[in-house]
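Okay, quick one from me today. Have a look at this while I talk you through a sheet and a contact.

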Amino acid sequence: MEIYKHEKSRAWFDRAAKVIPSGVYGHLGPAEGNFIPVSQWPLLGSRAQGAYFWDVDGNRYLDYMCAYGPNILGYNDPDVDAAAAEQAKIGNCFTSPSYKMVELAELMVDTVASADWAFFAKNGNDVTTAAIMCARAHTHKKKIIFVDGFYHGVAPWTQKVDYPGVIPEDVANNLYVPWNNIQALEEMIAANDGEIAAFISTPYMHGNYLDNVLPADGYWNKVRELCTKHGIVLIVDDVRAGFRLSTAGSDAYYGFEADLITFCKAIANGWNVSCLCGKEFIRDSMSALSYTGSYWMSAVPFAAGIANITKMRQLNLPAILREKAVKVCDTFRSAAANNGFKLVISGEPALFYLRVANDDSLFLHQEWVAACVSRGLFITSHHNHFLNYAVADEDIAFTGEVADEAFKVVAKNHPEVFDGGCA
Amino acid sequence: MDQKTLAYINMYAILGTLENLCELDPEARALLSNKKPLSLCFDVKGGPKGTLTFVDGKIRMLAGAHNCDIKIPVSSCEKFNAIIDGKATPIPVKGFSHINFLLKDFTALTDLLTKYLRASEEDLADPVFFARSTELMLYVISVAISQIGDYDEIGQFSAHLIPDGDVSFSIKNGPAATIHCKDHVLSTEKRRPLEPRAIMEFETLELARALFDGKVNALACIGNGSISMRGMINMIDNLNRILDRVALYLA
């Protein structure tokens, strides 16, 4: 199997580093993206189609990160892109917001089970921040309960006290409880009686660096009960998992109703729009916020979102993604087992999280991930993955071939673990 | 900046690096040659208590302040920090017969350490000096990380998120330190760990130096591969947040 080289990637990255802080920043960059070792990863891309993207060296990757979520139907889906192109011909960002915004809001309210209204922005962080402000405006309280291992964006309130640029006052009203722990939540509410505006959580624990954990039986119903009893706004951050578990929202998937629910990544198959949906009782508080943005009412992403959501509903896409994802996970499991590796796969199948567990340092895991990437299978070390509709059976077969060879390479490099090269 | 945390840094990261100074610098060793074994302790009220032993040309830093030849009680962390900064004078209550060592040899050692840690461009032009200075800085920083993780309020928050195990903090083909975490309490050993759970390694001595001096950006270095990280990245990620605070204390 060909081992990719990244000479042009390196050259482009060097150019980037001269004019962009850290070259490529954030989750798509080598630091936060955990490109270990960096030499085996593409740094800049050139194009994408279906389930694949190509880097600037011309290397092709079967992409299980899906741009970290936005790609849900396949890159350049013809239906979504046609709707976007059609809208682009007649107007995108102009002074009077396009009626497409109303159509998408109506579609969101019709699609998302807990939604009585919809509010649009651009990124997940925009709408998680809107949700927190809305909850505070509604309750006139300041404290927010988070779940350990959370990620809700990049605004100062979402970060931790030791992050660069964050001051203690930014996070002074943040409270933290462990995932799936009702007793801890009850104690936290009791200890801060009458001061809590909101409880914010992802629908299941899909934090980074750790195996992902589904909600325990009855967990969400109990959370719902506690929030209602104490007048706490229940916010579900569905930015990452939204539309991959259910088009009706992940709260509906787990059998409860959020007061506020946020979406972004998969709304428009890569066109930039995010959305906060809410219940009727909190609509006025949302109306009261001073909260807007230059591009938040652009029409092209709205048109793309309408086409994307319509297509996802027609396909019953979450069921298809689950079916494909189970096949992918089974393929990874078989490749691991055939080569003597303990591969832990956690989380929901359509957002599977991988961990090689033969050592407690993750050295072997990172070596295997790098070996996969440098052979054209784009996975990542410490983040959940994403399935998209364009992944076909032959792609899953390719997944198995690459995973198998990568396991063999790692085993050969570690005879001290794998008994002479292949256990 | 928390004065208690700074006092622990001054005790164990700064004075503690006298251990390595004597290993690396012949002039430092010569200051201690043919001298009787001696111990010097600082007893800082509300802060660290540490003893430096001087035996056979070697220096060791030990926790605690018992049975020493020269004892220097210090009334507060602020006062101790002022002593280390040269803005206050240490006054021993025990060991007046060794006052000559304190005034002459110990002062010469600390002056030499300062020369390495606050090095001039001229001195750094000498490759031998450059290598020693950078190695000593690695030890100062790696010990300071543990003190900040254990005593600084924000550092404690970072340490709270670090799982148990050893992190290797090293320069490729060069010196290394182990930052050990157990129940979110950090400690540093100035050696390479046998079984690290995570490794943060600088490609060259020059790169490490540039990073220590704030002349290059760590994230950019990860991007170009001159800093490599592997293993339990959440250990390194949180250590890096503490590392960010080292400059605040050592500036």
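So, Thr51(B) stands opposite Leu62(B), which sits in β3(B). This is a predicted model, where local features need pLDDT of at least 70, side-chain atom pairs count only at pLDDT 80 or more, and totals for chains, interfaces and linings use all residues. On bookkeeping, residues are numbered from 1 along each chain as its sequence is written, while chains are lettered from A and ligands numbered from 1 in the order in which they are written.

Back to that pair of strands: β2, residues 49-55 of chain B, runs antiparallel to β3(B), with 6 bridges joining them. Helices (H or I, at least four residues) and strands (E, at least two) are DSSP runs numbered from the N terminus, and strands pair if DSSP finds at least two bridges between them.

Zooming out, chain B has an open sheet of 4 strands, ordered β3-β2-β1-β4, with mixed pairing. β3 (58-63) and β4 (70-74) of chain B each have a single partner strand, so one side of each has no neighbour in the sheet.

Now, how many residues does the contact take from each chain? It's 22 from chain B and 25 from chain A, where contact means C-beta atoms, placed from the backbone, within 7 Å. On the chain B side, α8 (153-160), α10 (218-224), β9 (227-231) and α11 (233-250) each supply at least two residues.

Last, confidence: the model scores ipTM 0.88 and pTM 0.93.

Definitions and conventions. Two residues are in contact if their C-beta atoms, placed from the backbone, lie within 7 Å.
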